[in-house]
Amino acid sequence: MESGLPMSPYESDPADRLLTASADGEDQAVEAALRPKLLDEFIGQERVREQLSLVLQAARKRGAAPDHVLLSGPPGLGKTTLSMIIAAELNAPIRITSGPAIQHAGDLAAILSSLTEGEVLFLDEIHRMSRPAEEMLYMAMEDFRVDVIVGKGPGATAIPLELPPFTLVGATTRAGLLPPPLRDRFGFTGHMEFYAPAELERVVHRSAGLLDVEIDPAGAAEIAGRSRGTPRIANRLLRRVRDFAQVRHDGLVSREIAARALEVYEVDARGLDRLDRAVLEALLKLFGGGPVGLSTLAVAVGEEAETVEEVAEPFLVREGLLARTPRGRIATAAAWQHLGLTPPQAPAAARAARGVRQNGLWADGQA
Ligand SMILES: Nc1ncnc2c1ncn2[C@@H]1O[C@H](COP(=O)(O)OP(=O)(O)O)[C@@H](O)[C@H]1O
Ligand SMILES: [Mg+2]
């Protein structure tokens, strides 16, 4: 971790958290087997799929490498999978690297200069590349050329090197962090969206088939509904439910088995896990629904503020259970309902709007 901040248990060991969208060791091993290989097998993301299919077909027709492609979206939605599909559809080899792996411009020069004509270069987490490498990439993308610097100081010279035409596929979870000159050099950007439950059901069915897991439609729906719109999570929950079904039952995944298995793993009906529920419970029970400051809330659940903000909150906000306001975090009516609790007389939001103080203090502790 480059931030130098103390690591939370969730960061140091992502396997601790069943619902993290980033890939752990087991995921990486299994994912290779579960990845769709062609565009037609790729479920959902209709818009991206259609746009990409046009880009690829046109390039094939022209017999030239297609424009550079940027894929942006949260982890686990299929960016790496799509990059491999792009290469497969073009019948081209693929080279895989990532922003953090490219520390120096020289690292990038070495990769670029060894590309073959038409090769696909997949650059994951492209927003984490170093500045000098980024600048080298601009020229490589636009003119298929790099300047290799030889020597140091006043005697240094730039030797131009021609590159064969290649296609860069960049992936990022933070498109907003890309400098505009880099973003502009992509001919096509695919924005990946969270998946609808029906699409995730298809993902679960498909993976169950590949993993030889017997599952009925209600079982698949139960897993899909708890997967936070994310295929990686759906695949992971499927494997845990399969374990439960095989150890405690005859292996068939039904709705009841899926629900009981995920109860064991503390994934609730809406896809909230232990940390998500702890945050909501603290917000409701200790702070009456808020508003409460992030750091106060984090202390109440015994976590780093960063963990609460980056791991739990995005999903809670997306689900409409929690809102971030200038005064602090507040719970929505849906949050009270989800935890089966009754909100106090005046809803927190209304209190905050009227600016009422409790015991002479704002609910976030400020006088
Ligand atoms: N549209 C999809 N259809 C089927 N499986 C998918 C789809 N998108 C993602 N997956 C599965 O989810 C897992 C994570 O996908 P991946 O491409 O690694 O996500 P990302 O690179 O965006 O984090 C893979 O195992 C992949 O098989
Ligand atoms: Mg990936």
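Conventions. I number residues from 1 along each chain as its sequence is written, letter chains from A and number ligands from 1 in the order in which they are written. In this predicted model, local features need pLDDT of at least 70 and side-chain atom pairs count only at pLDDT 80 or more, while totals for chains, interfaces and linings use all residues.

Ligand 1. I looked up the residues around ligand 1 (C-beta atom, placed from the backbone, within 6 Å). There are 19, and Glu-31, Gly-78, Lys-79, Thr-80 and Thr-81 come nearest. The elements giving two or more residues to this shell are α2 (25–34), α4 (79–90) and α10 (231–248); helices are DSSP runs of H or I, at least four residues, numbered from the N terminus. Domain 1 (45–191) and domain 2 (197–264) each supply at least three residues, with bounds from an automatic or database domain assignment.

Helices α12 and α13. I found α12 (residues 274–286) packed on α13 at about 110 degrees, with axes 9 Å apart. Axes are lines fitted to C-alpha atoms over the stretch in contact, and angles run from 0 to 180 degrees between N-to-C directions. The two helices are therefore roughly perpendicular (65 to 115 degrees). Ala-278, Val-279, Ala-282, Leu-283 and Leu-286 in α12 meet Leu-297, Ala-300 and Val-301 in α13 (C-beta atoms, placed from the backbone, within 7 Å).

Helices α13 and α14. I noted that the axes of α13 (residues 294–301) and α14 (residues 305–318) come within 8 Å and cross at roughly 95 degrees. This makes α13 roughly perpendicular to α14. Leu-294, Ser-295, Leu-297, Ala-298 and Val-301 in α13 meet Ala-305, Val-308 and Glu-309 in α14.

Note on methods: Angles under 35 degrees count as roughly parallel, over 145 as roughly antiparallel, 65 to 115 as roughly perpendicular and the rest as oblique. Two residues are in contact if their C-beta atoms, placed from the backbone, lie within 7 Å.
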